[in-house]
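Dear colleague,

My notes on its contents follow directly after it.

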Amino acid sequence: MTIIARSTEPVLQRPATLTEALALSGPGSVWWAGGTDLWLMIDRKGLRPEALIDLTHIAELRAIQTTGAETTLGAALTLAELEASPLPAVADTVRSMCTVQTRTLATLGGNLCHAAPSADLAPVLLALGAEVSIAGPAGTRRIPLDGFFTGPGRTVLSAEEILTAVHVPTPQRQTAAYTRIARTVVDIALVGAAASLTLDEECHVLDARVALCAVAPVPLLVPGIAEALKGRAYDGLDFAGCAKMAEEACAPITDLRASADYRRRMAGVLTRRALTTAADHLRRMPCA
Amino acid sequence: MRLTLNRRETELTPAPLERLSDTLRAQGLTGVRVSCSEGECGSCTVLIDGRPVTSCLMLAAQAEGTSVETIECDDPATAALQQAFIEEQGFQCGFCTAGFILTARAFLARTPDPSEDEVREALSGSICRCGAYPFITRAVLKAAASLRGAA
């Protein structure tokens, strides 16, 4: 990245509405939320934005709304605020992320838009079948989170667009769980897996998803899980087949944290653990 | 920009990309210690509206309109934790101590009667290079008991 000497640093601008924020966008401007990743890109990686636009003072980006069918999480909610979210799997996931101090600043939207292959919120939201709302100069659009990530640090967002909200469907008789391997609590995930199970009124599996992080250039949904489990009684499910499917779906790299082979095997192990935990949660849920 | 700093209305003029930790230290609040500069070690922790933040990862501009508290802020819970850290020898070199105490203060405000495991998890964002962790945990549990007694 080219470092351009400049006499003036960009001032953090604070729009109060989405309309104001979109109007401030220009060449070289960047959206600022918690800033915990972005600051390090400025401080350590030579990123020199022309303008910084702080999205955390836009009220609608900080709201949690629950209707009958879904919960909508504003993209500028902090991880600390998500610890009290009405979605237990999301709250559990957040408590395993970064540090207490960073969770005060870091946001849901920042975690997704930074698009680290290891982003912890991605698998759990993919497993829950989340969709995202995006606002831009041409209006708003709503798309599945599956497909949002296009590569390490890259998403479908154009520079002028803002991720505004994450919509999580909340069907009856659904549970989910996220599990990860990390050296310490502060460390990023070496491998992460999330699973969701949804039952029908006869306590048979109606839907199931498994999603992985840190095993491919983007967080990914494992194909075929719902088909493999659909219609089976949830008690005594065998998840060995799903673990194998997860191993086959991933495309891990070897880096200083873990080898590709280790990551692939752990993708299978964590898939089994996440599904088992989700099934355990179902046991505490009254069934028809 | 205006903010409440250690419970006083304050006006500051930080540079646009100045980190909050640098702004606070320039105000003489040198209890804000910067070690890793990337939000890993917790030694620069301050409280923003009662929640712990590593001030090295935050622009001073982000603190506009908030209430910022450092270890220098006169507070009964801070005092109880300081006393317990002294009695339990919760430090050796002391570099990380302010961060531990402020993080513990925010935690105890929400969790007045924690288990040992809860204390360890709550403090997991701070690193003590002297390895005083068992003593720190004991000090926080002791301060929690004394604060419950005082309440």
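**The salt bridge and the contact between the chains**

A salt bridge joins B:E38 to A:R44, with 2.4 Å between the closest N and O atoms. Please note that this comes from a predicted model. The count between chain A and chain B is 1 salt bridge, alongside 11 residue pairs in polar contact, both residues being at pLDDT 80 or more.

On the side of chain A that touches chain B, α2 and α5 (100–103) of chain A each supply at least two residues. The most comes from α2(A), which gives 5 residues. By type, the residues of this side of chain A are 14 nonpolar, 7 polar and 4 charged.

In total, 25 residues of chain A are in contact with 28 residues of chain B. The two chains bury about 2,200 Å² between them, and 60% of this lies on carbon and sulfur atoms. The accessible area lost when parts come together is often used to give the size of an interface.

**Domains of chain A**

Chain A is divided into three parts: domain 1 (12–54), domain 2 (64–169) and domain 3 (174–283). For domain 1 of chain A and domain 2 of chain A, the C-alpha centres lie 18 Å apart. Their contact takes 10 residues from domain 1 of chain A and 13 residues from domain 2 of chain A.

The area buried between domain 1 of chain A and domain 2 of chain A is about 880 Å², with carbon and sulfur atoms giving 71%. Within domain 1 of chain A, the residues that lose the most area to domain 2 of chain A are A:L22, A:W31 and A:T36, which together account for 45% of what that side buries.

Across this interface of domain 1 and domain 2 of chain A, the rule finds 0 salt bridges and 2 residue pairs in polar contact, both residues at pLDDT 80 or more. Helices α1 (18–24) and α2 (36–45) of chain A each supply at least two residues of the domain 1 side. The residues of that side divide into 6 nonpolar, 3 polar and 1 charged.

**A sheet in chain A**

Chain A also has an open sheet of 4 strands in the order β11-β12-β13-β14, with antiparallel pairing. Its edge strands, β11 (174–181) and β14 (220–221) of chain A, each pair on one side only. Strands β12 (residues 191–199) and β13 (residues 205–213) of chain A pair in the antiparallel sense over 8 bridges. A:A193 stands opposite A:L212 in β13(A).

With kind regards

How values were computed. Residues numbered from 1 in each chain as written. Chains lettered and ligands numbered in written order. Predicted model: local features only at pLDDT ≥ 70, side-chain atom pairs only at ≥ 80, totals over all residues. Heavy atoms only, no water. Domains from an automatic or database assignment. Contact = heavy atoms within 4.5 Å. Buried area = accessible area lost by both parts, 1.4 Å probe. Salt bridge = Lys/Arg side-chain N within 4 Å of Asp/Glu carboxyl O. Polar contact = N/O pair within 3.5 Å; in protein donor to acceptor, adjacent residues only side chain to side chain. Nonpolar A, V, L, I, M, F, W, Y, C, P; charged D, E, K, R; others polar. Pairing = 2+ DSSP bridges.
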